[in-house]
Amino acid sequence: MEASKLEHFKQLLLAELRRHAEHVSEEQAAALDAASDDAKESADLALRDVIEEMALKLGEKESQMVADVDQALLRIEEGSYGICVRCGHPVDERRLEAMPTARYDARCQAIVEEANGEGAGPSL
Ligand SMILES: [Zn+2]
């Protein structure tokens, strides 16, 4: 995926994180802003710390969403973002727009949900 697109999805993910941070505390939201606004080279570790702290303070379901965002940010760093982790095919970008944390393409998502015997929740 092109760097400009990755940056776009990274911003979507950070916006998602910020939404959850506000559920924790204003202080946490401010910390997240500071971590994501910092000079880019040094920001990633601080951002990770903020995410981990958020996850500890959130309920189970929301902390899972934060973990999903964290994983997506990691995949951006690793260069595997936007690729289905199950079949290795590119995930449709419209799908990523709607759900930037998507790990699977639509086909594999359906298969995985079928295997789990449940829907993946309202955000999916
Ligand atoms: Zn797939």
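A crossing of two helices is called left-handed if the near helix is turned anticlockwise from the far one by less than a right angle, and right-handed if clockwise. That term comes up below for a predicted model, where local features need pLDDT of at least 70, side-chain atom pairs count only at pLDDT 80 or more, and totals for chains, interfaces and linings use all residues. Residues are numbered from 1 along each chain as its sequence is written.

The protein chain has six helices and zero strands (DSSP runs numbered from the N terminus, H or I of at least four residues for helices, E of at least two for strands). Of its 124 residues, 22% are buried, meaning that 20 or more other C-beta atoms, placed from the backbone, lie within 10 Å of the residue's own; exposed means 12 or fewer, and partly exposed is in between.

Now for helix α1. Its buried residues are Phe9, Leu13, Leu14, Leu17, His20, Ala21 and Val24.

What about the partner, helix α4 (residues 60-78)? α1 and α4 pack at about 155 degrees, with axes 10 Å apart (axes are lines fitted to C-alpha atoms over the stretch in contact, and angles run from 0 to 180 degrees between N-to-C directions). That makes the pair roughly antiparallel, a label for angles over 145 degrees. α1 passes α4 in a left-handed crossing.

Terms used: Parallel < 35°, antiparallel > 145°, perpendicular 65-115°, else oblique.
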